[in-house]
Amino acid sequence: MAENPSNTEHDFPSTIGKPAQRALLAAGYQRLQDLTSATEQDLLKLHGFGPKALRILREALAAQGKSFKS
């Protein structure tokens with residue numbers, strides 16, 4: 001039986017919402033650190049992921065001195 005992506009452990013801020021979390025997990029992003037290999041445009045193409053989630057994740061990455069791929 002395949003693992004349900006929404007049950008996968010992750011460290012994304014919960015404020016991005018469940019649809020955005022599921023979209024990230026389904027796309028193979030498991031950790032905030034993984035997002036440094038993605039552009040903002042890559043993430044906005046994901047179904048269920050929008051500008052609010054992008055802003056929240058941008059701020060979370062910046063707090064760690066990291067950013068999305070340019």
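Here is a walk through the salt bridges, pair by pair.

Reply: Happy to. This is a predicted model, so local features need pLDDT of at least 70 and side-chain atom pairs count only at pLDDT 80 or more, while totals for chains, interfaces and linings use all residues. Residues are numbered from 1 along each chain as its sequence is written, and side-chain values use heavy atoms, with hydrogens and water left out.

Counting a salt bridge as a side-chain nitrogen of Lys or Arg within 4 Å of a carboxyl oxygen of Asp or Glu, you get three. Take Arg-31 and Glu-9, with N to O at 3.6 Å. Arg-31 is in the loop between helix H1 (18-26) and helix H2 (40-44), and Glu-9 is in the segment before H1, so this pair ties together parts 22 residues apart in sequence. (Helices are DSSP runs of H or I, at least four residues, numbered from the N terminus.) Glu-9 is exposed at 61% relative accessible area, whereas Arg-31 is partly exposed at 32%; buried means under 20%, exposed over 50%, and partly exposed in between, with a 1.4 Å probe and protein chains only.

Next up, Glu-40 and Arg-58 bring their closest N and O atoms to 3.0 Å. That pair links distant parts of the chain, Glu-40 in helix H2 and Arg-58 in helix H3 (residues 51-63), 18 residues apart. Glu-40 is partly exposed at 24%, and Arg-58 is partly exposed at 37%.

Then there's Glu-59 with Arg-55, at 3.7 Å between the closest N and O atoms. Both lie in helix H3, four residues apart, or about one turn of the helix. Glu-59 counts as partly exposed at 47%, and Arg-55 does too at 38%.

Conventions
Helix = DSSP H or I, 4+ residues; strand = E, 2+ residues; numbered from the N terminus.
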